[in-house]
Amino acid sequence: MKQIDERDVAKTSLQTALTSQSEGPFQKYKRMVSGQVSLPFFIWFELLTTLLCNFPGAAGFLLRKLFYPSLFQSVGHNVIFGKNMTIRHPKKIHLGNNIILDDNVVLDAKGENNQGITIGDGVMIARNTIIACKEGDISIGDNTNISSNCAFHSESKVSVGSNVLFAAYCYVVGGGRHNFDRIDIPIIQQGSTSEGIAIGDNCWFGAHVCVLDGVTINNDSIIAAGAIVKSNVPAYSIVGGVPAKIIKSRIEQKNPEEIQ
């Protein structure tokens, strides 16, 4: 088998961008963090995030509520921004009305050709949760509640419906399917594919659920705590296990009138 010199190991596209000698540190930072924006907006972005990101107490919430909306592509009314948020490519982020973004939330719409992140009305995102694009798009429907320490990753498309409930430590991974057919070069050099993830309305995800790329979870389904979902889930299903399997249907004993 071919021996691989550490100096020859290929890098990911992100590593390549960060270590390229064709751009200076300022250009790299601007492209990775704020996106392709004008210099005045970049200065405004840096000023607000530097001064207000960790501003404490009620005054901090008020100042961020007043000034942070100017950073995004669109923002509805009554949006709450917590402390120490990480915001990347804000001009590709759309926020609806009455949204609560808790402390340490990450909104990262990074990508060259993607649409970015869209969050509907009444959404609550708890602390330490990461919503991150890697050239993909993420949409979250109205009144969805995402608990702490969750992660949503998109290399193509991740869509979440309305009235969806995520317990803590849920992972929705729209990508990460690395090719590994060749053994003469590292896996990191072989690229990856992504089909995306679609989650319907009115679903409930227990703690530590992991949804893998290529999965569709249809309306009104329940995913038990700790499940790893790698295949499609029919509507009104209760699934659990590793890998997740259908435990029962929520409509087996229901009258037809109850599920109209």
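Axes are taken here as lines fitted to C-alpha atoms, for helices over the stretch in contact, and angles between them run from 0 to 180 degrees between N-to-C directions. Helices (H or I, at least four residues) and strands (E, at least two) are DSSP runs numbered from the N terminus. The model is predicted, so that local features need pLDDT of at least 70 and side-chain atom pairs count only at pLDDT 80 or more, whereas totals for chains, interfaces and linings use all residues. Residues are numbered from 1 along each chain as its sequence is written, and side-chain values use heavy atoms, with hydrogens and water left out.

The axes of helix 2 (residues 25-34) and helix 3 come within 12 Å and cross at roughly 75°. Helix 2 and helix 3 are therefore roughly perpendicular to each other, a term covering angles of 65 to 115 degrees, while angles under 35 count as roughly parallel, over 145 as roughly antiparallel and the rest as oblique. In this pairing, Phe 26, Tyr 29, Lys 30, Val 33 and Ser 34 of helix 2 meet Leu 39, Phe 42, Phe 45 and Glu 46 of helix 3, contact being defined as heavy atoms within 4.5 Å. By class, six nonpolar, one polar and two charged residues make up the contact of helix 2 with helix 3; Ala, Val, Leu, Ile, Met, Phe, Trp, Tyr, Cys and Pro count as nonpolar, Asp, Glu, Lys and Arg as charged, and the others, Gly among them, as polar.

Helix 3 (residues 39-52) also pairs with helix 4 (residues 57-67), and the axes of these two helices come within 10 Å and cross at roughly 165°. Helix 3 and helix 4 are therefore roughly antiparallel to each other. Trp 44, Leu 48 and Leu 52 in helix 3 are in contact with Leu 63, Arg 64 and Phe 67 in helix 4, and the residues of this contact divide into five nonpolar, no polar and one charged.

Backbone geometry was examined in the loops. Most residues other than glycine have a negative phi, and most peptide bonds are trans. Asn 104, in the loop between strand 5 (100-101) and strand 6 (106-108), has a positive phi of about 70° although it is not a glycine. Tyr 169, in the loop between strand 14 (165-166) and strand 15 (171-174), likewise has a positive phi, near 60°. Asn 104 is partly exposed, with a relative accessible area of 27%, and Tyr 169 is also partly exposed, at 35% relative accessibility; buried means under 20% relative accessible area, exposed over 50% and partly exposed in between (1.4 Å probe, protein chains only). The peptide bond from Val 242 to Pro 243 is cis, with omega near -10°, and Pro 243 is placed in the loop between strand 24 (237-240) and strand 25 (245-249).
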